[in-house]
Amino acid sequence: MRKFGLIGYPLSHSFSQKYFTEKFQQLDITDCKYELYPIEDIAAVKNILQDPELCGLNVTIPYKQAVIPFLHGMNAVVEEIRACNCIRIQGGKAYGYNTDTVGFSASLVRKLGQGHRQALILGTGGASKAVEYVLRKLGIGFMYVSRNAGHGVLRYEEVTEDILRRHTMVINTTPLGMYPKVDECPPLPYEAIGPEHYLFDLVYNPPLTLFLRQGKDRGAVVENGYDMLIGQAEESWRIWNS
Ligand SMILES: NC(=O)c1ccc[n+]([C@@H]2O[C@H](COP(=O)([O-])OP(=O)(O)OC[C@H]3O[C@@H](n4cnc5c(N)ncnc54)[C@H](OP(=O)(O)O)[C@@H]3O)[C@@H](O)[C@H]2O)c1
């Protein structure tokens, strides 16, 4: 049996387990299974990695950074952004990858029109680092927006209409608006949004968050995190089988 799984905490509902279990059924793959490893302490990953049947893991909140010391090696992306959401286990050794970058990049460029030079990244957590990496690769400038003041970081109350007009791409990497708190959205002067804007929300439940709705109502191009989610899962599968 080839085992795969997800480490994180808590893991109440898992997109990945459902996705891979259905994939194995649809493709008639009978020698693979995908399990959940809700671990309260990252040190428990040591034992999990010793399972000789385990071939790959996904990593989610809160361990994308904390798992790095347990890896035997990592690719250049993980090295750079210090966040790992995919592990390939081969010959008893664990190698780290970041497939959020691949999923985000593929999804972002699908609707990317011409002329986007400046982006706002809302939130400074783990997923924002994958977003930053992709924007750098695309040559798009960015500013972080956070609840906390910091060097080169704007606070929400500092985002004026003028700043929002100049940053035609806005990417939400906060959980604001995620089910069940669907009435929440990042506090921005949305009046400044227009058809020249592209709003991307990493949240995918609900499909049209209040953040995206504010943009859509003003003619902006919008995209949610669903295709990114599928993209990162498929990239994990490719890595585990390569
Ligand atoms: N679609 C996908 O494939 C995909 C992949 C990864 C993540 N995600 C989603 O992206 C979101 C972020 O994930 P993550 O791993 O980066 O989480 P995280 O590490 O917890 O970071 C989220 C960041 O959002 C900000 N934030 C948190 N609560 C907030 C609040 N109440 N108000 C305003 N800002 C708040 C914080 O930044 P500041 O402290 O700087 O304000 C925080 O660092 C989650 O909703 C996750 O489900 C989706």
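1. The buried residues of helix H8 pack against strand E1 (2-8), helix H1 (15-26), strand E3 (54-59), strand E5 (86-90) and helix H4; contact requires C-beta atoms, placed from the backbone, within 7 Å. Helices (H or I, at least four residues) and strands (E, at least two) are DSSP runs, numbered from the N terminus. The model is predicted: local features need pLDDT of at least 70, side-chain atom pairs count only at pLDDT 80 or more, and totals for chains, interfaces and linings use all residues. Residues are numbered from 1 along each chain as its sequence is written.

2. Met228, Leu229, Gly231, Gln232, Glu235, Ser236 and Trp240 are the buried residues of H8. They lie on the same side of H8, because they cover an arc of only 165° around the axis; the arc is taken from the directions from the helix axis to the C-beta atoms. A residue is buried if 20 or more other C-beta atoms lie within 10 Å of its own, exposed if 12 or fewer, and partly exposed in between, with C-beta atoms placed from the backbone.

3. The ligand is surrounded by 24 residues, the closest being Gly123, Gly125, Ala127, Ser146 and Gly225; a residue counts if its C-beta atom, placed from the backbone, lies within 6 Å. At least two residues of this shell come from each of H4 (100-110), H5 (126-138) and H8 (226-240). The shell comprises ten nonpolar, twelve polar and two charged residues. Here Ala, Val, Leu, Ile, Met, Phe, Trp, Tyr, Cys and Pro count as nonpolar, Asp, Glu, Lys and Arg as charged, and the others, Gly among them, as polar.

4. The domain assignment gives domain 1 (2-98) and domain 2 (101-225); such bounds come from an automatic or database assignment. Seven residues from domain 1 and five residues from domain 2 form the contact. The C-alpha centres of the two domains are 28 Å apart.

5. One joins Tyr179 and Pro180, with omega about 5°, and Pro180 sits in the loop between strand E10 (169-172) and strand E11 (198-201). Another joins Asn205 and Pro206, with omega about 10°; Pro206 belongs to the loop between E11 and helix H7 (210-216).

6. Asp28, in the loop between H1 and strand E2 (32-38), has a positive phi near 55°. Asp28 counts as exposed because it has 6 C-beta neighbours inside 10 Å.

Note on methods:
Contact = placed C-beta atoms within 7 Å.
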